[in-house]
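Let's take a friendly walk through this structure, one part at a time. Here are the sequence and the coordinates to follow along with.

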Amino acid sequence: MSLQLERTDVLIIGSGLAAVTVALHLPDTFRVLLVTKGRMTETNSDLAQGGIASAYLEETGAAHVQDTLAASKQTARADRVRLLVEAGRDVVRDMEQYGVSFDRDGDTYALGREGAHGTSRIFHVGGDETGRHVMATLRDRLPNNVHVMEHVLIDRLLQSEGRVMGASGFKGEARIQIQAGAVVLATGGVGGLVDWTSNCRAVTGDGLVLAKQAGAKLSNLTNIQFHPTLLAVETPVLVTEALRGAGATLVDAKGRHVMRHHPLGSLAPRDDVAAVLTAFPGQVYLETSRVERLAERFPKLAASCRAHHLDASSIPVRPGLHFQMGGVAVDAEGRTTVQGLYAVGEVAETGVHGKNRLASNSLLECWVFGKRVAAAVELLDCDSGEKGGTAYEMTDEVFQSFRRQIGKWLTISPAIDEIRSFLENTQQLTRTKHVTRQLAEQTLQLEAARLLAHAFMEREGLDEPIGTARSTDTVFA
Ligand SMILES: Cc1cc2nc3c(=O)[nH]c(=O)nc-3n(C[C@H](O)[C@H](O)[C@H](O)COP(=O)(O)OP(=O)(O)OC[C@H]3O[C@@H](n4cnc5c(N)ncnc54)[C@H](O)[C@@H]3O)c2cc1C
C-alpha cells in the first residue's frame with residue numbers, strides 16, 4: 001500500500017471548536033495541519049444548540065463559578081473553574097471580532113437560560129443552531145498557514161524516546177504519515193460509540209485510545225453525562241435544555257410534572273433530571289405551551305418535530321449519552337503527561353466539569369483552553385520512521401454485534417455483567433497486520449469501549465486500574 005508523507009509544525013486532530021480555536025490562535029509563522037475523520041462539519045460542535053455560557057454581562061464571574069461548582073456537586077476543580085469563567089467573560093467580544101453575530105432582542109443580547117444556571121447567561125446564534133453558525137463563521141477565518149485535510153483517520157501517534165512526533169493513519173483508503181513538532185488531540189468525546197446518543201457518529205473516543213497508546217494519563221473516564229431530553233424517535237436528536245429555560249416542563253402522559261420533587265423543577269441539573277427520567281416508568285413529554293415563539297426561537301427543534309410528524313406542544317423525550325467529562329489528563333495549558341502531545345476540548349479532562357457539566361460550559365471550555373494550548377505549544381524536533389500498526393481481525397457483522405453489546409452497558413447505570421462479557425468477548429479477538437481503514441476505525445472504537453469498560457470495572461473495585469500491566473497488554477498488544 002502506498003504511503004503519503006507529510007511534515008508540519010503542529011498537527012491538530014479534529015475539526016470541532018477545540019481544533020479550530022487552537023488553529024486560529026497559533027502563531028502565523030507555524031505551519032499547521034488540521035486533519036479530520038470525515039467532512040469538516042461532522043462534529044459535535046456543529047450540532048451545539050443552546051449556546052455558550054459567559055458571565056460577560058455580569059458584574060463578576062462569581063455566580064457563574066458558583067453555578068458550575070454546584071452543578072458538579074463540588075467535584076469540579078475550583079481553580080480551573082475560576083480560570084474558565086474569568087477568561088470566558090471575553091468569549092463574546094472575542095468571537096464577535098471574528099465575525100460571530102450573537103442573537104439580540106433589539107439593543108440587548110437575547111440570553112438563554114439552561115438547567116442549574118441561576119440566571120440567563122447563554123449567548124446563542126440562530127436560535128438553537130449556535131454550533132452550525134459559530135463554526136461556519138470561525139472556519140471561514142482560518143488563516144493561510146492552516147492547511148485542512150478531510151477524510152483523514154488517525155489511528156496511531158508516532159513516538160521516539162517517549163515523545164510524540166506526529167501521527168499516522170488513512171487518507172481515504174491510503175496510508176498517510178505526518179511528522180509534526182507538536183500534536184494536538186481535539187477528537188471530542190465518546191457518544192458515537194452507541195446508538196442512543198445526541199452525538200455525531202464520528203465522535204467515538206479515538207483520542208483516548210491514541211493518548212493511551214502513547215503512554216499519556218487518562219482520568220475519570222466514567223464521568224459521562226446523559227442528557228435527559230433526546231427526541232424519543234428512532235435516530236434521536238437533542239432537545240435543547242434552553243427549551244426548559246424558556247418555560248417548557250417535563251410531564252407524564254397525564255400532564256403531571258415529573259420533576260415536581262426537585263427544588264429546581266424541570267431546570268434541575270442534568271444528572272438529576274436524567275436519573276429521574278431513566279427511572280420513570282412511562283413516557284415523558286416536554287410540554288411547551290408556555291414557550292413563546294417556539295418555531296422562531298428553536299427552528300431546529302421545530303424542523304425535527306415536523307420531520308417526525310410530532311406535535312411541538314407535547315414532545316416525547318428520553319435520556320441518552322451526551323458528554324464525557326473525564327478524558328486525557330491535562331494541565332491548564334492542555335499539556336498531557338507525554339511530551340509533544342496536547343489535548344483540548346471534550347477529549348481532555350481539564351477538571352472544569354467534575355462529575356456533571358453545567359450546560360453550555362463546554363463550547364466555552366473549547367475556546368478558553370484552545371487559546372491557552374495555542375499559546376503554550378512548543379515545537380520539538382521531529383524525525384521518526386513509520387511503525388506499522390495492527391488491528392483486530394473481524395468481519396463487519398462481528399463489529400456490529402460488539403457495538404450492540406456496548407449499547408447495552410454504556411448507559412446511565414452500567415451493567416457489570418454486560419461489561420465483563422464484552423471484555424471477555426473482545427479479548428478473544430486476534431490481530432492482523434493487514435490493516436484497512438475500516439478495520440482501523442472499528443479497532444479504535446472497540447479499544448475506546450474497552451478503556452471505558454475497564455474504568456467502570458475499576459470504579460466498582462472489580463478490575464486493576466487501567467494502565468497497569470494486564471489491561472494495557474491486553475488492549476494494546
Ligand atoms: C447535540 C449537541 C448539542 C450540544 N449543545 C451544546 C451547547 O449548546 N453548548 C455547549 O457548550 N455544548 C454543547 N454540546 C457539547 C459540545 O458541542 C461539545 O462538547 C463540543 O463541541 C466538543 O468540541 P470538540 O472540538 O472537543 O469536539 P467535536 O466538535 O466533537 O469534534 C471532534 C472532531 O474530531 C474528529 N475525530 C475524532 N476522531 C478522529 C480520528 N481518529 N482521526 C481524525 N479525526 C478524528 C471528528 O471527526 C471531529 O471532527 C452539545 C453537544 C451535542 C452533541
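How are α3 and α4 oriented to each other? The model is a predicted one, in which local features need pLDDT of at least 70, side-chain atom pairs count only at pLDDT 80 or more, and totals for chains, interfaces and linings use all residues. Residues are numbered from 1 along each chain as its sequence is written.

Helices (H or I, at least four residues) and strands (E, at least two) are DSSP runs, numbered from the N terminus. The axes of α3 (residues 62-71) and α4 (residues 78-88) come within 9 Å and cross at roughly 135 degrees; axes are lines fitted to C-alpha atoms, for helices over the stretch in contact, with angles running from 0 to 180 degrees between N-to-C directions. The two helices α3 and α4 are therefore oblique to each other, since angles under 35 degrees count as roughly parallel, over 145 as roughly antiparallel, 65 to 115 as roughly perpendicular and the rest as oblique. On the α3 side, His64, Val65, Thr68 and Leu69 make the contact, and α4 contributes Ala78, Val81, Arg82 and Val85 (C-beta atoms, placed from the backbone, within 7 Å).

Now to the ligand. It is surrounded by 43 residues, the closest being Gly14, Gly16, Asn44, Gly188 and Gly345 (C-beta atom, placed from the backbone, within 6 Å). Two or more residues of this shell come from each of α1 (17-25), α2 (44-47), α6 (130-140), β8 (152-160) and α12 (362-376).

Finally, the domains, with bounds from an automatic or database assignment: domain 1 (1-223 + 325-388), domain 2 (228-321) and domain 3 (389-477). Between the C-alpha centres of domain 2 and domain 3 lie 33 Å.

How values were computed. Two residues are in contact if their C-beta atoms, placed from the backbone, lie within 7 Å.
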